[in-house]
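Please open the model in your viewer and keep the sequence panel beside it.

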Amino acid sequence: MKKVMFAAASLALSGGAVAGPDTVPWTYIDAGYVLQSGAGTSLADEGGDGYKIRGSFGLNLFHFGGEWYQVDGGGSGPNKAGTIDSYDLYVGVHPSITEQIDLVVDIGYTESENDRDDKTDGVFLRVGPRAMIGEHFELSAYLTSTWGDAEFSVDDGLDNITQFADDFRGVTLQVGGQWYFTEHFSVGADARLEDIGDNVNLFARWSF
C-alpha cells in the first residue's frame with residue numbers, strides 16, 4: 001500500500017498526471033487500510049486496525065457491489081473480541097443530479113463475526129451524493145440506517161458463559177474524498193462516524 005501511495009505521489013509531482021474521469025465512475029475495485037477508534041462495530045470492545053477490499057460494477061442507472069474487511073476488535077481477558085470479519089453486499093441506483101453529481105441510493109445486507117463467534121447481521125439503506133469537483137477530486141457523503149439482530153456472549157472468567165440476543169438499529173455518517181491521478185487510478189480516504197466509534201479507511205482504487 002505504501003509503495004502504491006508513493007508511486008501516485010511521484011506521478012503527480014513529476015507533472016505526469018492527466019485528466020481524471022468526466023463523470024463519477026461506478027465500476028472499480030480498491031484496497032484499503034482501516035484505522036479504528038473506539039468500538040467501530042457492535043462486536044468490538046476497543047479500537048484496532050485492519051484491511052478492507054471493495055468492488056462495484058455499474059450498468060447504466062444501476063450498480064451492485066460489496067466489501068469485506070477484517071479488523072482487530074481489541075479487548076482483553078475472556079471477553080476479548082479478537083479478529084472481526086465483516087462483509088456487505090448491496091444493489092443500488094445512481095441517478096444524475098448534474099453531469100458531475102450522482103445521487104446514490106443503496107439497499108444491502110451486512111454481517112460481522114468475531115473470534116468468540118459473536119455475530120451481527122442485518123439490512124441497511126444508504127443515501128447520499130457522489131460528486132466530481134473539477135477534473136481530479138471527488139467528494140461523497142452518505143447516511144446509512146442499519147437494523148438487524150445481534151448474538152453475543154459474556155464470560156465471567158469462571159467458565160460461566162451467558163448468551164445474549166437482541167435487535168439493534170443504528171445510523172452512520174460516512175464522508176470521503178479521493179484524488180484521481182489519471183482517469184483510472186485514484187487514492188483517497190473515507191471516515192465512518194458512529195455513536196459507538198469511528199473508523200477511517202485509506203485506500204487506492206482502480207476504476208475501469
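This is a predicted model: local features need pLDDT of at least 70, side-chain atom pairs count only at pLDDT 80 or more; totals for chains, interfaces and linings use all residues.

In which loop does Asp117 lie? Select Asp117: the residue lies in the loop between strand E6 (101-114) and strand E7 (119-133). Helices (H or I, at least four residues) and strands (E, at least two) are DSSP runs, numbered from the N terminus.

Residues are numbered from 1 along each chain as its sequence is written, and side-chain values use heavy atoms, with hydrogens and water left out.

**The whole chain**

The chain contains one helix and eleven strands, and the order from the N terminus is α-β-β-β-β-β-β-β-β-β-β-β. Of the 208 residues, 43% are buried; buried means under 20% relative accessible area, exposed over 50%, and partly exposed in between (1.4 Å probe, protein chains only). Among contacts with a separation of 6 or more, 53% are between residues 24 or more positions apart, a contact being heavy atoms within 4.5 Å. Accessible areas come from the Shrake-Rupley method with a 1.4 Å probe; for residues, only the protein chains shown count as cover.

Return to Asp117, which is exposed, with a relative accessible area of 57%. Patches are made of residues with over 30% relative accessible area and no salt bridge; like charges are joined within 9 Å, and nonpolar side chains (Val, Leu, Ile, Met, Phe, Trp, Tyr) within 5 Å.

**The nonpolar patch**

Next select Phe57, Leu59, Phe64, Val91, Ile97, Leu103, Ile107, Val123, Leu125, Val127 and Trp147. These residues form a nonpolar patch on the surface, with about 960 Å² of accessible area together. Strand E2 (49-59), E6 and E7 are the elements that give two or more residues to the nonpolar patch. E7 supplies the largest share, three residues. Within the selection, locate Phe64 in strand E3 (residues 62-72); at 46% relative accessibility, Phe64 is partly exposed.

**Salt bridges**

Hide the surface and show the charged side chains. The whole structure holds seven salt bridges, a salt bridge being a side-chain nitrogen of Lys or Arg within 4 Å of a carboxyl oxygen of Asp or Glu.

Select Arg54 and Asp30, whose closest N and O atoms are 3.1 Å apart in a salt bridge. This pair links distant parts of the chain, with Arg54 in strand E2 and Asp30 in strand E1 (residues 28-38), 24 residues apart. Is Asp30 buried or exposed? Asp30 is buried, with a relative accessible area of 3%, and Arg54 is also buried, at 10%.

Move to Lys119 and Glu111, a salt bridge with its closest N and O atoms 4.0 Å apart. Lys119 is partly exposed at 27%, while Glu111 is buried at 14%. Elsewhere, salt bridges that share partners join Asp30, Arg54, Asp190 and Arg205 into one network.

Select Asn201 in strand E11. Asn201 is buried, at 0% relative accessibility. Leaving aside neighbours within four places in sequence, Asn201 contacts residues including Arg54 and Asp190.

Finish at Val71 in strand E3, buried with a relative accessible area of 3%. The C-alpha atoms of Val71 and Gly50 are separated by 4.1 Å, although the two are 21 residues apart along the chain. Not counting residues up to four places away in sequence, Val71 touches Val34, Gln36, Asp49, Gly50, Gly82, Thr83 and Ile84.
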